[in-house]
Amino acid sequence: MWDAIATHISETTGEPFEILQKQTVGGGCINDAYRLEGRNQNYFVKLNHAGAIDMFEAEADGLREIAGTKTIRVPSPICSGTTGAQAYFVMEFINLGGGGSQFQLGERLARLHAVPQSRYGWHRDNTIGATPQPNLAGDDWLEFLREHRLGFQFRLAKQNGMAFNGSEDLLRQLDDFFDGYQTKPSLLHGDLWSGNVASDENGGPVIFDPATYCGDREAEFGLTEMFGGFRTDFWSGYESVLPLEEGYGTRKLIYRLYHTLNHFNLFGSGYAGSAQSLVNQLLRLA
Ligand code: ADP
């Protein structure tokens, strides 16, 4: 398998690549990860079963699209494929660190969000964690949010044995939260938590492991505040470019609900209580 991966890297880059050393990299949630060391170049490789190739290709597309905006650094995808029972995804290895300016991270993320996009959704479906994320493109954010985000996760939860009280009422009343707020499509990282953010060798911000699609920019933050790690500086940086608008404090609960439902669907009943509380809270606020 490693020979096939090294050959694919050589063919793609046009530079002979031989694996001198291979180390596992921890910290991921879904895949096995490795650092491949060559004579002049190192690469980061994710491995999963062969069926995961679509997920890897969607991740590569997402990285390419974010890179194309020239707003914030992401690892450059190199190649992906299957060999035997394995799917692999090779990208640029970046010496990631924990420091770096949160202000700059916020600022660059806002610049990414400020790049005009034409529609909500994306040209392909992808995954959020290991859960499918449908991205059928359209012009109506509320319909997209209702059908392809919250509705999709509620239906999945039902299949997983959990019917949340008030879910239908909430979907019906979604418009109430958007009175006086004009949504716009922005390219989103889509899975922005502190584990998918780091700094590069120069201290500049890097985001990785995206679940990219075009959505209203406020949706980016559904996960951001869930597990902590984003300081006041981050928000100051973001708002220095794109100030958050009135009503965000309530709407962010809708986006947190999406990720909380996804956590319920991925990790089970530990998240049922917080998802139900969010539904209740939102229904009281509607
Ligand atoms: P998963 O898809 O399994 O969630 P991640 O994309 O989160 O995996 O990667 C796992 C870990 O590997 C990250 O926490 C990060 O520390 C490191 N990492 C991710 N991408 C790179 C990269 N391009 N170069 C170096 N290290 C990386």
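Is R35 buried or exposed? R35 is buried, because its relative accessible area is 19% and the cut-off for that class is under 20%. The structure is a predicted model, and its protein chain holds 8 helices and 11 strands. The chain is divided into domain 1, covering 2-92, and domain 2, covering 102-285.

**Overall dimensions and surface**

- Taken along the principal axes, the box filled by the C-alpha atoms of the protein chain is roughly 60 × 45 × 35 Å.
- Of the 286 residues in the protein chain, 50% count as buried, while the chain as a whole exposes about 13,100 Å², of which carbon and sulfur atoms supply 46%.
- The protein chain carries 23 positive and 35 negative charges, and the mean positions of these two sets are 2 Å apart.

**Domains and contacts along the chain**

- The centres of domain 1 and domain 2, taken over C-alpha atoms, are separated by 27 Å.
- Between the two domains, 19 residues of domain 1 are in contact with 26 residues of domain 2.
- When contacts between residues at least 6 apart in sequence are considered, 66% of them join residues that are at least 24 apart.

**R35 in strand β2**

- R35 belongs to strand β2, which spans residues 32-37.
- With neighbours within four places in sequence left aside, the contacts of R35 are Q21, K22, Q23, V25, N42, Y43 and F93.
- R35 and G229 are 194 residues apart along the chain, and their C-alpha atoms are separated by 25 Å.

**The loops on either side of β10**

- E201 is placed in the loop between β9 (197-199) and β10, where it counts as partly exposed because its relative accessibility is 48%.
- Although E201 and I94 are 107 residues apart in sequence, their C-alpha atoms are 7.5 Å apart in space.
- I94 is also one of the contacts of E201, together with R73 and N95, once neighbours within four places in sequence are left aside.
- F208 lies in the loop between β10 (205-207) and β11 (213-216), and, not counting residues up to four places away in sequence, F208 touches P75, L96, H189, G195, N196, V197 and A198.
- The C-alpha atoms of F208 and G190, which are 18 residues apart along the chain, are separated by 10 Å.

- Most residues other than glycine have a negative phi.
- D209 has a positive phi of about 55° although it is not a glycine; D209 is found in the loop between β10 and β11, and counts as partly exposed because its relative accessibility is 25%.
- K70, likewise a residue other than glycine, has a positive phi near 55°, and its place is in the loop between α2 (53-68) and β4 (77-83).
- K70 counts as exposed because its relative accessible area is 76%, where the cut-off for exposed is over 50%.

Technical notes. Residues numbered from 1 in each chain as written. Predicted model: local features only at pLDDT ≥ 70, side-chain atom pairs only at ≥ 80, totals over all residues. Heavy atoms only, no water. Helix = DSSP H or I, 4+ residues; strand = E, 2+ residues; numbered from the N terminus. Buried < 20%, exposed > 50% of the residue type's maximum accessible area, 1.4 Å probe, protein only. Contact = heavy atoms within 4.5 Å. Areas by Shrake-Rupley, 256 points an atom, 1.4 Å probe, with all protein chains shown as cover. Lys, Arg positive; Asp, Glu negative; His and termini not counted. Charge placed at Lys NZ, Arg CZ, Asp CG, Glu CD. Domains from an automatic or database assignment.
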